Amino acid sequence: MKVQLQQLLEQTVASLKQQGIIPADAQPRVQVDRTKDKSHGDLATNLAMMLSKAAGKNPRELAQLIIDNLPESSLVTKVDIAGPGFINFFLNPLWLVEQVEAALIDPRLGIEPIADPQTIVVDYSSPNLAKEMHVGHLRSSIIGDAVTRTLEFQGHKLVRQNHVGDWGTQFGMLLAYMEELQAKGQEINSNLSNLEVFYRAAKQRFDESEAFATRARNLVVELQSGDEHCNQLWREFNEVSLSHCQETYDRLGVSLTRADVRGESAYNDDLNQVVADLDQAGLLKEDQGAKCVFLDEFKNKDGDPLPVIIQKKDGGFLYATTDLAAMRYRQRELNADRVLYFVDARQGLHFQQVFTVARNAGFVKPATSLEHMPFGTVMGEDGKPFKTRSGTVAKLADLLTEAQNRAYDLVKSKNPDMAEQDLRNIADVVGIASVKYADLSKNRTSDYMFSFDQMLSFEGNTAPYLLYAYTRVASVFEKAEVNASELTGSVLLEHEKELDLASKLVQFNEVITSVARLGYPHLLCNYLYELAGLFSSFYEACPILKAETEAQKQSRLKLAWLTARTLKQGLSLLGINTLERM
Ligand code: ARG
């Protein structure tokens, strides 16, 4: 409704310009806000105050002119001028009814696919294959996936890119260790079942044996020069590591597949061309043998420009070089209109630098939007970066198992007589949902504290609370013994709580639009939490099964039904499954 009112006000501005009341070159940003106090209406704008100077009128006078020129619409019933010149709008309940009815008969809940779909490349998850995925990759995978699903729902074309770290010097060490094991007649695959252990063992050999370290370094060179034996080992290793990742995605319900993997190694053949292109564009400078780009925008403490190193003295390429090649590919081959990077906030400078280089070099079109979507660190309850009890970086798979086990205890305590298999199934959904929701519901730019107790609580803005709210609405239908498709009559918005609920329901589209634009899934979480809360108040104040009239009962069932579908759709955009009972 904010959007609709905004459109009306934009039309008003145009008409005021035509009449010469405000100057033709005025470009006001029309802003509509929800009011805190309902007695002042539902929505308000400060437009008159913003434009009063340009119009040479006092704000209240201009406010009246705006109201007089507002196009005819069923959206509002009453408009007031308040204080220094605010305009307050009172929503028309009939308009709300129309919107609710339209949503009820639409599989997309009244949300039309976007008129101008874009091609959006999303770089997310992107773990390093040398090691096991850890809790740091949780955020990128979960947040990136939620935003991807939301954009896809809007009707954009999404290209998922899992930019895995599958290249670089660490691989020399790993390959050397694989060779050693093979020479001892050991089976590689079983040794790779725990990558963390494998990595540590290889690292230990690297540190203790000069011969091993030399072999490792040689293997990197051989790998990079295309040696077949090395490439064979390397593929074998990555195959195992990628299948570990895929297992985690499947378990988490992250929509990435093997087809979305395009790792650093995929850009090997482009790197020399990147250097040549940068040189051609006059951007490269030699600094102590290394090829660098210096950007005036980024300076060190002494005010000297920071270099972005493109190629080292020994000819080796860097993380930044690969990212430049990837940007070039995403523009030229994938035709991206937007590229989103869900990567740790600590890589902020890296992205600002490579974005600038890519633009200066013409790797991306000026209209293409490159957006780093940073996120903070996962902290432990001790306020330090999250670690397991043994002090190592927490492995994702273990965390998920623990969440599911704790969810099992929780569900069992509520349903002591439930069959074992049902308990397990429900606990598995609740456990995963809790981990995901805890992450999604926090503003991603802040650090967040990983706490099983908090995420598995039935109170507050948590997955158990929302999943439970959803089952409650579902149970209303069970008790009513009606099928949602058989509901008749029109929606009646008589009670204040009915109005509040309906007005929240029709805001779903606005929230989706914000998540899609800003990449903040917590906005959707907050919305669903508020919706569930408003449903509770409605449910308490407005009897459904014991409604006074049949028409009222049908109407309230309709509101309940739309609430359930909105919760389910919203959670599904977050990548969270619902349960019919728990
Ligand atoms: N592999 C990197 C890491 O784990 C993240 C890659 C992010 N994506 C990118 N295009 N640089 O830190």
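These legends describe close-up views of one predicted model.

**View 1. The whole chain, seen before the close-ups.**
The model is predicted. The chain has 582 residues, and 39% of them count as buried. It holds 21 helices and 13 strands. The C-alpha atoms fill a box of roughly 85 × 70 × 40 Å, taken along the principal axes. Take the contacts with a separation of 6 or more. Residues 24 or more positions apart account for 72% of them.

**View 2. Helix 9 packs against helix 10.**
Two packed helices are described by the angle between their axes and the distance between the axes. Helix 9 spans residues 210-224, and helix 10 spans residues 228-252. Their angle is about 100°, and their axes are 8 Å apart. An angle of 65 to 115 degrees counts as roughly perpendicular, so helix 9 is roughly perpendicular to helix 10. Which residues make the contact? Helix 9 brings Leu219, Glu222 and Leu223. Helix 10 brings Cys230, Asn231 and Trp234. By class, this contact has four nonpolar, one polar and one charged residues.

**View 3. Helix 6 also packs against helix 10.**
Helix 6 covers residues 170-183. Helix 6 and helix 10 pack at an angle of about 95°, with their axes 10 Å apart. These two helices are therefore roughly perpendicular to each other. On the helix 6 side are Phe171, Leu174, Leu175 and Met178. On the helix 10 side are Cys230, Leu233, Trp234 and Phe237. By class, the contact of helix 6 with helix 10 has eight nonpolar, no polar and no charged residues.

**View 4. The largest nonpolar core and a separate one.**
In soluble globular proteins, nonpolar side chains tend to be buried together. Here the largest nonpolar core has 130 residues. Ala358, Val430, Leu466, Leu528 and Leu567 have the most contacts inside it. Which helix gives the most to this core? Helix 15, residues 420-440, does, with 10 residues. Now look at Val430. Leaving aside neighbours within four places in sequence, Val430 is in contact with Ala407, Val411, Ala463, Pro464, Leu467 and Met582. Another core, of 25 residues, lies apart from the largest one. Among its residues are Met178, Leu192, Leu195 and Leu223.

**View 5. Val308 in strand 9.**
Val308 sits in strand 9, residues 305-311. Is Val308 buried or exposed? Val308 has 23 other C-beta atoms within 10 Å, so it is buried. The cut-off for a buried residue is 20 or more. Leaving aside neighbours within four places in sequence, Val308 is in contact with Cys292, Val293, Leu295, Ala320, Gln353, Val354 and Val357.

Ser125 lies in the loop between strand 5 (119-123) and helix 5 (135-154). Phi of Ser125 is near 70°, a positive value in a residue other than glycine. Ser125 counts as buried because it has 29 C-beta neighbours inside 10 Å. Ser140 is found in helix 5. Ser140 is buried too, with 23 other C-beta atoms within 10 Å. Beyond its neighbours within four places in sequence, Ser140 is in contact with Tyr124, Ser125, Ser126, Phe342 and Val343.

**View 6. Glu481 in a loop.**
Glu481 lies in the loop between helix 17 (463-480) and helix 18 (496-505). Phi of Glu481 is near 50°, a positive value in a residue other than glycine. Glu481 is exposed, with 7 other C-beta atoms within 10 Å.

An unreviewed UniProt entry lists residues 127-137 as "short sequence motif: 'HIGH' region". This stretch is 27% helix and 0% strand. Its end C-alpha atoms are 6 Å apart. UniProt also lists residues 466-582 as "domain: DALR anticodon binding" (unreviewed entry). Residues 466-582 are 68% helix and 0% strand. The end C-alpha atoms of this span lie 11 Å apart.

Definitions and conventions. Residues are numbered from 1 along each chain as its sequence is written. This is a predicted model: local features need pLDDT of at least 70, side-chain atom pairs count only at pLDDT 80 or more; totals for chains, interfaces and linings use all residues. Axes are lines fitted to C-alpha atoms, for helices over the stretch in contact, and angles run from 0 to 180 degrees between N-to-C directions. Helices (H or I, at least four residues) and strands (E, at least two) are DSSP runs, numbered from the N terminus. Angles under 35 degrees count as roughly parallel, over 145 as roughly antiparallel, 65 to 115 as roughly perpendicular and the rest as oblique. Two residues are in contact if their C-beta atoms, placed from the backbone, lie within 7 Å. Ala, Val, Leu, Ile, Met, Phe, Trp, Tyr, Cys and Pro count as nonpolar, Asp, Glu, Lys and Arg as charged, and the others, Gly among them, as polar. UniProt positions are given in the numbering used here, feature names are shortened, and annotations may be inferred rather than shown by experiment. A nonpolar core is a set of buried Ala, Val, Leu, Ile, Met, Phe, Trp, Tyr and Cys residues joined through C-beta atoms within 7 Å. A residue is buried if 20 or more other C-beta atoms lie within 10 Å of its own, exposed if 12 or fewer, and partly exposed in between; C-beta atoms are placed from the backbone.
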